[in-house]
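The points can be checked against the coordinates.

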Amino acid sequence: MAKQSIGVSLPVFDRLDTDPVLSLYRQIYERIRGTILSGSLAPGTRLPSSRTLAVDLRVSRNTVELAFTQLEAEGFLVRKVGAGTYVASAIPELERAPRRLGITAVRPAAPSGREPLSLRGRHTVGAAGRAEVWVRATSRALAPRIVEVPNRRLFARGLPNLDAFPLATWRRLLARHARLWERESLFHGNAAGYRPLREALVGYLATARGVRCDWRQIIILSGTQQVLDLAARLLLDPGDAAWMEEPGYLGAWGALQSAGARIISVPVDPDGMNVDTGIRLAPTARLAYVTPSHQYPVGVTLSLGRRLALLEWAARAQAWVIEDDYDSEFRYTGRPLAALQALDVGGRVIYAGTFNKLLFPALRLAYAVVPERLVDGFAAARTLVDGFAPSFMQAVLTEFITAGHLSSHVRRMRALYHERRDLLLDVMARRLGGRIEVKSADTGMHVAGWLRPGSDDREISRRAFDKGLDLPPLSRYYHTRRPRPGLFFNYAGISPGDIRRGIDTLATLL
Ligand SMILES: Cc1ncc(COP(=O)(O)O)c(C=O)c1O
């Protein structure tokens, strides 16, 4: 190696800061490493001895030795007994490239004009930005920025009633399970989920939703969104046709879009998704996404005739049906309708349910009930994506179910949401004087309020947002057809006083 000594004074040898975060050794290490990477210390340059540097920097020799040893281990320095310490000659070109490019951060250089994201990556970012479910696209940022502050606007979408959640009971269960936590609890969990939770769900799903399954068919996931994501990964090739309700849930639209599916928008009418139109548009589609018990966002239910037609088509076309059953526990006229999965004899339905909406969104626990032949695929995909669901929360939730708290919470919420819905419809009728029409409101946690034809629902939604109301425009849920203008009202998470206040505000806007 062509050896040369340092002739110039470099910032690396200036006095160290009293840095509250970085130790002295780490500061020396960072400075020397940064100076080498920036190209200011050329390969082969001889460094002062650790003794000299320690005196200059007013630190102990051991501190400098520690930094030198680390830098040597990482390949930045070469040390020879009796010959001194040198900048290594073999610093990879890529690492030092930034200096030539005039940038200071170390980033692999990309050929100019080349897209930083893959096509799939761009589909994902585009779909998430369009969906605006929990991300907000900013004009300058490459990727959408995550909204980290809680949505405290009146009628905030996606929220159950958090004031009525039995927090004291939940805390008690958390504390009990924390005490039970032991060495055995620290191991890896099962990718398909915690067995006692899967077993507990069999009974709950049979009574509450008519879902028939063996516990092995239940896969515990982090959200309906993960069910959709894994289903799209496992079941769709890029370009495959997938039916999607129009208007329809943007989270599902985004998952299909990001998997590169060719989305076939199938219109929704008072009987739910028009299955005949779906068959006419794409008879050989690979997959259909439906919200049969409570269509999102319109609120209608899929008629029995259409349910049977959908299942018959799926069996014939060897297609999969994703049933998103996100809030159907809450039906206010009669008993909840049985799930579509209960009618499926051909094993074509992937049923998705979520505790994030039933209990609270921070929980991040949901489940898929999948046909037997898909169990291994879902477990494998979950392993690859993020391993498995946190064991602790699964154990707590299991006891919440087996001790009967889930059923009683659902019963109480059904009564509470029923009251809120009645109040909302009453206040809307009195204050909005027919300017908003609600048609289907016998299930769930939200209603679709239709505006008069020609209304600009996006503008109204924007103005409402500025006044503290979260009322997404229904036109946003359309992609191909002329949208019917309207607003989306989530009444589950809002107090009676706020319902009145919110509708008063809207009345002045309209
Ligand atoms: C139609 C629909 N499906 C599913 C969910 C729940 O999604 P996750 O479990 O991913 O939070 C929501 C939440 O708002 C929803 O509106």
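1. Is arginine 176 buried, partly exposed or exposed? Arginine 176 is partly exposed, because its relative accessibility is 33% (buried means under 20% relative accessible area, exposed over 50%, partly exposed in between; 1.4 Å probe, protein chains only).

2. This is a predicted model, in which local features need pLDDT of at least 70, side-chain atom pairs count only at pLDDT 80 or more, and totals for chains, interfaces and linings use all residues. Residues are numbered from 1 along each chain as its sequence is written, and side-chain values use heavy atoms, leaving out hydrogens and water.

3. The whole structure holds 20 salt bridges (a side-chain nitrogen of Lys or Arg within 4 Å of a carboxyl oxygen of Asp or Glu). One of them joins arginine 176 to glutamate 399, with the closest N and O atoms 2.9 Å apart. This pair links distant parts of the chain, helix α6 (residues 167-180) and helix α14 (residues 391-402), 223 residues apart (helices are DSSP runs of H or I, at least four residues, and strands of E, at least two, numbered from the N terminus). Glutamate 399 counts as buried because its relative accessibility is 18%.

4. Arginine 209 and aspartate 325 form a salt bridge at 2.5 Å, N to O. Arginine 209 is in helix α7 (residues 195-209), and aspartate 325 is in the loop between β12 (320-324) and β13 (349-354), 116 residues apart. Both residues, arginine 209 and aspartate 325, are buried.

5. Within helix α11 (residues 304-317), glutamate 312 and arginine 316 lie 4 residues apart, about one turn of the helix. Their salt bridge has its closest N and O atoms 3.9 Å apart. Arginine 316 is exposed, at 56% relative accessibility.
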